[in-house]
Amino acid sequence: MAGFLAEHFGSCSRHALAEETSCGGLCAEKGGAAAGVCAGAQLQPGSMADLATQPSKRKRELDAEEAEAASTEAKEAGVENGTSAPVRLPFSGFRVKKVLRESARDKIIFLHGKVNEASGDGDGEDAIVILEKTPFQVEQVAQLLMGSPELQLQFSNDIYSTYHLFPPRQLSDVKTTVVYPATEKHLEKYLRQDLHLVRETGADYKNVTLPHLESQSLSIQAGFFTEATRTLKWVYNILDKKAEADRIVFENPDPSDGFVLIPDLKWNQQQLDDLYLIAICHRRGIRSLRDLTPEHLPLLRNILREGQEAILQRYGVKGDRLRVYLHYLPSYYHLHVHFTALGFEAPGSAVERAHLLAEVIENLECDPEHYQRRTLTFALRADDPLLQLLQEAQRS
């Protein structure tokens with residue numbers, strides 16, 4: 001394992017060029033505001049210069065009280081999101097149990113491990129650690145070759161030679177994402193599995209998908225702390241300013257037609273090539289694309305217009321260089337919109353999952369029931385219970 005990690009993250013490679021820099025899904029969003037947005041919109045301070053000092057860690061499983069307590073403790077200790085002060089992982093020890101997934105192309109590896117075993121807590125607890133080689137920053141690349149860099153020759157032939165280059169500490173960071181404590185659902189999520197393409201009719205949604213989602217909601221209402229509860233906990237913490245309030249870079253506070261724009265966990269915020277932002281609507285109860293009607297057009301137009309204006313002002317990226325879309329199926333059932341750099345092949349931006357927001361707005365303007373009637377295509381993992389339910393319904 002140690003040899004694999006050294007090979008995976010320690011060498012100089014071409015993965016930072018163009019779209020090849022993607023981690024396959026670990027990027028984040030940002031936003032700003034511009035003249036002409038609604039009167040209630042609020043632009044949070046900051047600029048591109050802040051990017052190098054804003055990497056964040058989202059501990060999604062914190063209860064609201066725990067989130068507030070953790071924030072208070074960090075502030076008292078002088079540690080904020082994006083600080084350069086030394087910090088520790090939220091557990092002790094990490095014994096690798098399994099490599100859930102890895103990609104040499106994307107320079108990323110997903111590890112399942114046992115932690116806190118020395119504390120006497122039974123067999124320890126499960127944690128997932130995701131290690132990703134961060135993209136190069138163009139303005140710092142020259143530093144790699146200044147002076148006498150540490151090199152190991154791999155081969156030389158005529159005018160061609162290949163080396164392993166060992167960069168200095170400040171240029172060799174590895175983005176580390178922690179999921180702790182990790183549930184069985186988290187382990188299944190990150191485990192590589194086969195995908196199956198599904199075509200869901202409007203009737204399939206009403207008769208199969210929606211009841212499946214509502215069965216999870218009923219478990220929540222009955223008092224069971226399910227994975228669905230955890231999935232939205234971090235969203236509500238953001239909207240209620242109980243967590244990550246310092247990371248919100250733009251907000252339209254209208255409770256019905258407003259949203260917050262916040263860096264996604266997956267973007268390291270140090271370059272614009274893989275720019276990735278998420279707009280999370282304040283209004284609750286809109287689960288996905290299937291719920292959208294003309295009633296939601298003011299909200300959708302606000303997100304598209306204000307989000308693009310915000311990004312233009314804050315990052316100088318024009319709207320025609322952005323991909324703005326919704327996922328179906330979404331990764332969590334609270335309406336949110338993705339803003340990514342057009343040249344970045346972001347995970348989930350393929351045709352079977354991404355729906356451009358501008359086209360969603362136009363579809364609703366032409367047909368109020370478009371998303372209640374339309375057949376939608378998406379991919380499901382082989383172990384997803386919904387796959388079996390839809391396959392059985394379509395066979396009968």
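Which residue in β4 does Gly113 stand opposite?

**Start with the whole protein**

This is a predicted model. Show all of the protein as a cartoon: there are 10 helices and 15 strands. The protein has 396 residues, and 43% of them count as buried.

**Colour by confidence**

Colour the protein by pLDDT. The mean is 78, and 74% of the residues reach 70 or more. Next, select residues 1–42. Here the pLDDT is below 50, yet the model gives this stretch 142 contacts beyond near neighbours in sequence. Then select residues 49–79. Their pLDDT also stays under 50. For them the model has 52 contacts beyond four places in sequence. Where pLDDT is low, the predicted coordinates should not be read in detail. Look, then move on.

**The four-stranded sheet**

Select β2, β3, β4 and β7. They make an open sheet in the order β2-β3-β4-β7, with antiparallel pairing. Check the edges: β2 (95–103) and β7 (174–179) stand there. Each has a single partner strand, so one side of each is left without a neighbour in the sheet. From one strand to the next, the twist averages 20°.

Zoom in on β3 (residues 108–115) and β4 (residues 125–133). Eight bridges join these antiparallel strands. Pick Gly113 and look across: the residue opposite, in β4, is Ala127. That settles the opening question.

Go to β5 (residues 150–157). How many of its eight residues are buried? The count is zero, and the strand is hardly covered. Seven bridges join β5 to β6, and the two run antiparallel. Among the paired residues, Gln152 has His164 in β6 as its bridge partner. Together β5 and β6 form a hairpin, with two residues between them. Click on Asp158 in the turn: its phi is positive, at about 60°.

**An enclosed strand**

Now for a contrast, select β12 (residues 322–327). Six of its six residues are buried, so the strand is largely enclosed by the rest of the structure. Show the side chains. Leu322, Val324 and Leu326 point one way. Arg323, Tyr325 and His327 point the other way, and these are buried too.

What pairs with β12? Start with β13 (residues 336–341), which is antiparallel to β12 and joined to it over four bridges. Find Leu322 again; Ala341 in β13 stands opposite.

**Last stop: helix α10**

Select residues 385–395, which make up α10. Which of its residues are buried? They are Leu386, Leu387 and Leu390. Turn the view to look down the axis of α10. The buried residues fall within an arc of 105°, so they line one face of the helix. An α-helix has 3.6 residues a turn, so residues three or four places apart point the same way.

Definitions and conventions. Residues numbered from 1 in each chain as written. Predicted model: local features only at pLDDT ≥ 70, side-chain atom pairs only at ≥ 80, totals over all residues. Heavy atoms only, no water. Buried < 20%, exposed > 50% of the residue type's maximum accessible area, 1.4 Å probe, protein only. Arc of directions from axis to C-beta. Pairing = 2+ DSSP bridges. Axes fitted to C-alpha atoms, helices over the stretch in contact; angles between N-to-C directions. pLDDT = per-residue confidence, 0-100. Contact = heavy atoms within 4.5 Å.
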